[in-house]
Amino acid sequence: MSQTKSHLILLFSAGVLLLVVLLLYLKTGYFNTTWEQIFQALTNPRDEVSSTVVWSFRLPRILMAFLAGAALSVAGMLMQNLFQNTLAGPDVLGITSGSSLLVALWMMTGITALGSITDLIFLGILGAMGMGAIMLLFALKLRSAVHLLLIGLMLSSFIGAIIAIIQASSATQDLQQYVFWNFGSLQRVTIQQIPWIAVITSLGVILSLFQVRVLNAMVLGEDIAKSLGVSIRKVRIMSILIAGILTGVITAFAGPIAFVGLAIPNVTKLLMKTQNHRVLLFSNILFGALFLGVCDFAIKLLESYVAIPLNALTALLGVPFVSWMILKNRHVTG
Amino acid sequence: MKKNSIKFLFLIFLFLFLGCNTSKTKGADTTIGKSRYSQWLSYTKTELGIKLFIKDPDRKGATRIILCTTHPEQVRSMSTTMEVLDIKNMKLATNAATHVGMLVSLNARECIGAVSLGKYLHDPTLKKRFNKGQLLELGGTTIPFESLSKKHINVWVSAGMEPLDQTKEERFKALGIQWIPNYDWREEHPLGKAEWLLFFGAITNRFEEAELQFNAICKRYNKFNKLPKGNSCQKILVGNFAGDYWYSPLQNSFQARFFNQVDFCTFSMNYRGTGSMAVGAERIYQEAEACELWLNPGFPTKQAILNAFPKAIQLRPFTEGSIFCYSHNLNKFWEQSALMPDIVLRDLIRIKQGNSADVMLYFYREVK
């Protein structure tokens, strides 16, 4: 079987699974809903409990899980390509922290410029891009991947310290709002916000699609990429811009979500066994969405027995995987 | 027959006498102390001062016995199991707002040398003292040993959330600071929490005053408790979302005790436990359908609730009912509510009766 065929089978399977997760998610919950009720709620929403449950609780949450999973995985893929490091990711390199910092400032100082949703999106993206740019400056100076990761961790701690200072001087109500946001939640997003997030995420994905050729060239190393006519400066700026947009918008709405951006691009590489970023891009979108969708579905199924915060589950699955990956680094392509 | 009857009556008399005697000595037992509502604090008066017995809620059988006295030199050699606390020149550090409220109530402000964070103070006099730099701010998680020593702090009253490890204990000892845990936050009964006022009375040499105040609180609380409360088991919604889960108080929690007294019912009060219960959004949506009242969402305005949890708009009390919370002045609530359970109870009764105009309520306000 050719590689293209196996890629298509894997992508198709992921797509089908995504659809299955979506349907099961819409069907499952505290309220018993029949398939008929779900269908009716989706096609002809009325003022009924089943419609409210589907449109207010189930649909926005699962769509947010898909969007967040896809966006963070693509951001992770771009970061790993840019830093030529399989351990790079938006949360590891402090990009999520950058987003958190500006959102924290906004929440705890109460300064509004463009209206609440626009502010949130803008600051989330700006913070993520700012940190991405800082990390890039370090990447230009440091050759060692370990040093770069250490810098990422230190910058995250540095931002954590700044946030702690802001917290100490903020009003109790603002602090409470920030703490709730910082838990990370897919539940908070409303169906009205989903189009905003979907449009911005799609923009990031479309921009990534235009980058595929240069991303493939970057895999060969910067020198070869240069000789192939790739402008390294432009690639770096674009990668940070796109990763900033994708991470920023998700972090702004759902709070910081850990490990997805680090683990999924690596899983994708392992499964697809390719460095073709056109394949990797679509795979990351599907696998990322599937991963976070399954995580949230598991949380929902276990809800009556045990309360598992989203970040706890992603960390529970992500930490063993990353540890294993560090130990068995030779198995990872790239 | 007559003899037997006399014997029988004598035995009954003896039984009753011993019975009465036993209950009397229980209250005055000097080895365990007495308490009225508190689970973790008991006390007894001795000639040399007040003896406090502080039970550790997490370690069965572990009890700190502290004699609060103005004549420490007379008792130091008497017992090895009992600690002696010199209360002559008390300067204490505290990291809980409830402690501050109790000390303020006893007019023992001058005994406070350090507080957790200045921004959490409610009492205007203490705020002024803080702004003048007369109060030390303890800040975050690390204990500022040097500053404590500089401010001549001799007692650290801790909320007891983190146990005292050996290193900290040695440092405290070296500086001559006594670390005393205060488990008022572990009390389940509202009056049990208020009874910790006697703890502060003992360590600041104001025990009689504390006793008077506590007796008055109990009297008022029990009086309010007898007031008619309207329909029984009115279903209410309590709490708010944190992350993906809604936290609602369990049956034996401190909050649920109040709701029980007022005949408010919430679904989580059917489950045993002292903490809270985490449930998902759909369950809350269903529970909210039966409620017209939502208490303690944690925010003072509807907009603030929506900012933190936009789906609140789907909950019936948000759109059709009413919401009440104490969040418009959190510092006041945390500083005073532990000592004013009677007022909290009165607020809840008034909310239930619909007698809930702002002027009628002390801690609570309607969330608009």
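Which residues does A:Ala68 touch, not counting residues up to four places away in sequence? A:Ala68 touches A:Leu186, A:Ile250, A:Ala254, A:Ile257 and A:Leu292, where contact requires C-beta atoms, placed from the backbone, to lie within 7 Å.

This is a predicted model, in which local features need pLDDT of at least 70, side-chain atom pairs count only at pLDDT 80 or more, and totals for chains, interfaces and linings use all residues. Residues are numbered from 1 along each chain as its sequence is written, and chains are lettered from A and ligands numbered from 1 in the order in which they are written.

Chain A has 13 helices and zero strands, these being DSSP runs numbered from the N terminus (helices H or I, at least four residues; strands E, at least two). Buried residues make up 47% of the 334 residues in chain A, a residue being buried if 20 or more other C-beta atoms, placed from the backbone, lie within 10 Å of its own. Among contacts between residues at least 6 apart in sequence, 80% join residues at least 24 apart.

| H12 of chain A | 277–302 | 20 of 26 residues buried |

Notes: A residue is buried if 20 or more other C-beta atoms lie within 10 Å of its own, exposed if 12 or fewer, and partly exposed in between; C-beta atoms are placed from the backbone. Two residues are in contact if their C-beta atoms, placed from the backbone, lie within 7 Å. The expected span of a helix is 1.5 Å times one less than its number of residues.
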